[in-house]
Amino acid sequence: MPESATEGDAVVEELDDGSDAKDAEEKDDIESLLKALGIDAASEGDIKIQDTKTWTKWSEAEMARDFDHWMPLRGSSDGVSHDDATADAEDDEQILSIILYEDVSDYLFSLNSEEARFSLASQFIDFYEGRIPQWTCTNSSSWVEKTLSLESLSYSLVEGLSKVHDVLNGKLSNPASISLEILLNNSDDSNMRSNMMKFLRNAILLCLKVFPQNYILEEAALVAEELSNTRMNSTSFSGTPCRALAKTLLKNNRQDLLLCGVYAQREAFFGNIDLSRRVFDMALSCIEGLPLDVRPNASLLYFWYAEVELANNPSESSDSSSRAMHILSCLGSGTRYSPFKCQLSSVQQLKARQGFKERVKMLSSTWARGMVDDHSAALVCCAALFEELTTGLTSALEILEHSFTMVLPERRRHSRQLEFLFNYYVRMLYKHHNELRVSKIWKALVKGLQIYPFSPHLHNALVEISFLYTSPNKLRWTFDDHCQKTQSVITWLYALSFEMSIGGSHHRIRGIFERALENDKLHNSVILWRCFIEYERSVTCNASAAKRVFFRAIHACPWSKKLWLDGFLKLDSVLTVKELSDLQEVMREKELNLRTDIYEILLQDDMDT
């Protein structure tokens with residue numbers, strides 16, 4: 001640490017010595033970037049606005065209208081009066097804003113593949129920031145494009161980065177520690193979020209008519225219902241907000257066992273473990289009376305139920321482990337399910353273990369042909385979890401490691417189910433890290449990142465494990481090596497989160513930003529530019545540097561309205577009235593869907609005065 005500090009001081013002194021020359025170069029850079037955008041910094045122009053506060057009001061009004069006008073107008077004339085010319089004029093103006101079928105018919109197309117249709121529905125949910133289980137492999141082109149086009153942090157990324165920050169900051173208690181997600185902590189309108197979740201819930205329910213009994217969409221619908229009722233804060237609602245919707249869906253299809261499992265998990269999430277158990281018990285008890293084509297779904301139900309029990313009270317003194325073993329033994333032995341009453345006997349354990357071995361062995365032929373589905377992956381997880389609870393960690397890891405060998409490497413690389421299985425394997429390693437050699441865990445993580453380089457789960461585990469057992473420099477080397485091999489926004493975000501959480505030097509963090517944005521693909525990453533601007537503004541408190549980064553950013557990503565508005569909202573102290581006026585004019589020329597005219601703000605100011 002002293003050596004790194006000395007090196008940092010030397011760099012700072014060197015930068016200070018050439019500050020005058022560098023300032024002149026930076027001024028030239030800003031002027032050249034402005035010219036590339038069509039702005040002549042030297043021209044005077046006709047400036048009708050004399051105060052930057054006017055542009056701040058405009059940007060706030062524009063942001064507010066983005067929140068209010070996130071849906072197209074309907075073609076209904078309800079509540080519109082035609083008694084006078086004024087009403088007719090307002091009606092005509094409203095009609096111009098309505099999107100008609102003729103407006104979009106040339107862009108519509110049909111998808112014949114069910115996989116493509118489901119991908120489109122899932123990306124639609126992602127676009128509206130719904131919380132949906134992972135629906136594709138992180139190596140898929142759609143996932144990679146999604147990470148490259150991020151403008152703000154998704155909920156899953158915020159959750160992972162927050163966990164990393166809490167772990168690192170909790171151990172170090174460094175006053176210089178900063179959480180990456182705070183840089184983009186937008187104060188979004190809660191009413192708009194609630195309305196958006198209602199819209200999303202209704203849209204998902206329509207999708208369920210095309211994808212009946214799809215548990216991924218069903219979970220997304222229930223979570224959207226929760227968020228619409230709790231205004232994005234699940235803890236502020238008494239009871240389970242999605243209970244009424246879940247019961248309605250179950251009445252429409254009483255044979256949908258996976259919906260029972262999804263609903264039971266939501267009840268457990270809100271602390272209603274007894275009700276969750278009743279729902280699981282009911283679903284598993286009626287399996288025998290259902291058609292044969294529904295029964296294979298049982299492995300997912302058994303796995304979810306066992307996970308809920310262990311998450312409810314993982315301490316050794318509780319009966320959660322005994323309950324989980326009973327649940328899994330019914331699946332392994334093939335006996336009819338009955339609710340938990342007492343602990344398993346050694347004979348029952350042996351019978352279940354043998355049953356799991358035979359069923360996993362039967363998967364070899366289908367997996368070798370690439371036929372891996374959610375239910376077979378859940379069966380392997382159940383077998384491993386049963387071994388973990390009864391025999392020990394070694395046997396559980398052997399089952400998971402053997403399952404990876406049953407699939408060709410290239411098929412494994414593009415399978416969502418096998419990625420889930422590997423993430424489960426890593427979670428089991430982390431849970432028992434005190435019992436294992438560090439080299440085994442580290443080897444598994446490095447190998448996993450080679451197979452799934454865009455996986456947030458593996459990056460999360462890498463930071464947590466390396467913090468416990470290795471030096472910061474080793475993790476930095478790992479990140480550097482990984483960044484050279486793959487162009488992953490996820491890797492750079494976790495590298496930045498790690499440095500900020502341990503209070504890394506400004507010079508080092510700024511270097512990470514610069515190296516990331518030098519990459520041809522990542523140069524157009526809006527999320528990295530926005531984080532860089534806010535870091536310079538709020539952390540280093542260097543508004544001039546933030547201004548330079550902002551001009552570079554809008555030159556690299558001129559299509560991002562959020563990026564442009566960051567300049568108006570956050571850099572009004574260093575941007576001149578002339579620059580703000582020119583920037584707004586360029587935004588209008590680039591058709592960035594501006595909803596507010598500056599003359600509205602000027603008129604409102606005149607009325608206020």
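Where does Tyr 107 lie? The place of Tyr 107 is in the loop between α5 (101–104) and α6 (114–127); helices here are DSSP runs of H or I with at least four residues, and strands are runs of E with at least two, numbered from the N terminus.

## Basis of the model

This is a predicted model, in which local features need pLDDT of at least 70 and side-chain atom pairs count only at pLDDT 80 or more, while totals for chains, interfaces and linings use all residues. Residues are numbered from 1 along each chain as its sequence is written, and side-chain values use heavy atoms, with hydrogens and water left out.

## A nonpolar surface patch

Tyr 107 counts as exposed because its relative accessibility is 65% (buried is under 20% relative accessible area, exposed over 50%, and partly exposed in between, with a 1.4 Å probe and protein chains only). Together with Ile 99, Tyr 101, Val 104 and Leu 108, Tyr 107 forms a nonpolar patch on the surface, with about 580 Å² of accessible area in total.

Patches are made of residues with over 30% relative accessible area and no salt bridge, nonpolar side chains (Val, Leu, Ile, Met, Phe, Trp, Tyr) being joined within 5 Å and like charges within 9 Å. A salt bridge is a side-chain nitrogen of Lys or Arg within 4 Å of a carboxyl oxygen of Asp or Glu. Accessible areas come from the Shrake-Rupley method with a 1.4 Å probe, and for residues only the protein chains shown count as cover.

## The cavity

One cavity of 30 Å³ or more is counted, and the largest cavity has a volume of about 70 Å³. A cavity is a set of points, on a 1 Å grid over the protein atoms alone, where a 1.4 Å probe fits but cannot get out; lining residues have an atom within 4 Å of a point.

The lining of the largest cavity includes Trp 143, Lys 146, Pro 456 and Ile 490. Two or more lining residues come from each of α7 (141–148) and α8 (155–172), and α7 gives the most, with three residues. The lining divides into five nonpolar residues, three polar and one charged.

## Individual residues

Glu 31 lies in helix α2 (residues 19–36) and counts as partly exposed because its relative accessibility is 31%. The C-alpha atoms of Glu 31 and Phe 551 are separated by 9.4 Å, although these residues are 520 apart along the chain.

The loop between α29 (577–589) and α30 (598–608) holds Glu 591, and Asn 593 lies in the loop between α29 and α30 as well. Glu 591 is not a glycine, yet has a positive phi of about 55°; for Asn 593, also not a glycine, the positive phi is about 60°. Glu 591 is exposed, with a relative accessible area of 69%, whereas Asn 593 is partly exposed at 47%.

Technical notes
1 Å grid on protein atoms, 1.4 Å probe; cavity = no way out; pocket = protein on both sides within 12 Å on 5 of 7 lines; lining within 4 Å. Points joined across faces, edges and corners; volume = space filled by probe spheres on them. Nonpolar A, V, L, I, M, F, W, Y, C, P; charged D, E, K, R; others polar.
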